[in-house]
Amino acid sequence: MRVTSEFFVSALVRRIFGEGGFAAVSKRGAAEAGAVFVSVDRLDGRFDLYGPAPQSMFSDLPDGRLFEQVLSQVGREGLDERLRSEARMDPDYWLVEIEARDGRVDLPIASDDPRPGSDVFRY
């Protein structure tokens, strides 16, 4: 069972604070099923962006949300431009901003390398 976007975001922010980091919800989306994006501020002017992984990236149904890295080490302008593009497609998305100097954030990442023999055309 997949938890709501609001619950997932709340748990993510609490976890980051619990680990001694900083996170903030800078955009609230649809409580039930809004897409969740996570930007990682490397505190040197570079940002990473993670977003929902398309279902074509995994062959097994996940128990929860899976993410993919959408942008890597881009400037604020590149991040803002991508988020404006996302807003045009789905204005109800969530944005969680996390500060991580090393860029590491513990998110469930979808593998884009399907296992041999898996049914990649199941969907």
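**Ground rules.** In this predicted model, local features need pLDDT of at least 70 and side-chain atom pairs count only at pLDDT 80 or more, while totals for chains, interfaces and linings use all residues. Residues are numbered from 1 along each chain as its sequence is written, and side-chain values use heavy atoms, with hydrogens and water left out.

**Sheet.** I looked up the strands (DSSP runs of E, at least two residues; helices are H or I, at least four). I found 5 of them in an open, mixed sheet, ordered E1-E5-E2-E3-E4. Pairing here takes at least two DSSP bridges. E1 (22-27) and E4 are the edges; each has a single partner strand, so one side of each lacks a neighbour in the sheet. E3 (residues 47-52) runs antiparallel to E4, joined by 5 bridges. One pair I checked was proline 52 with phenylalanine 67 in E4.

**Cores.** Next I asked which residues have the most contacts inside the largest nonpolar core. They are Leu12, Val38, Val96 and Ile98, in a core of 17 residues. Such a core joins buried Ala, Val, Leu, Ile, Met, Phe, Trp, Tyr and Cys through side-chain atoms within 4.5 Å. Buried means under 20% relative accessible area, exposed over 50%, partly exposed in between (1.4 Å probe, protein chains only). H1 gives the largest share, 5 residues. Another core, of 10 residues, lies apart and includes Phe47 and Val74.

**Glutamate 68.** I found glutamate 68 in E4 (residues 67-74). It counts as partly exposed because its relative accessibility is 23%. Its C-alpha lies 5.6 Å from that of isoleucine 109, 41 residues apart along the chain.
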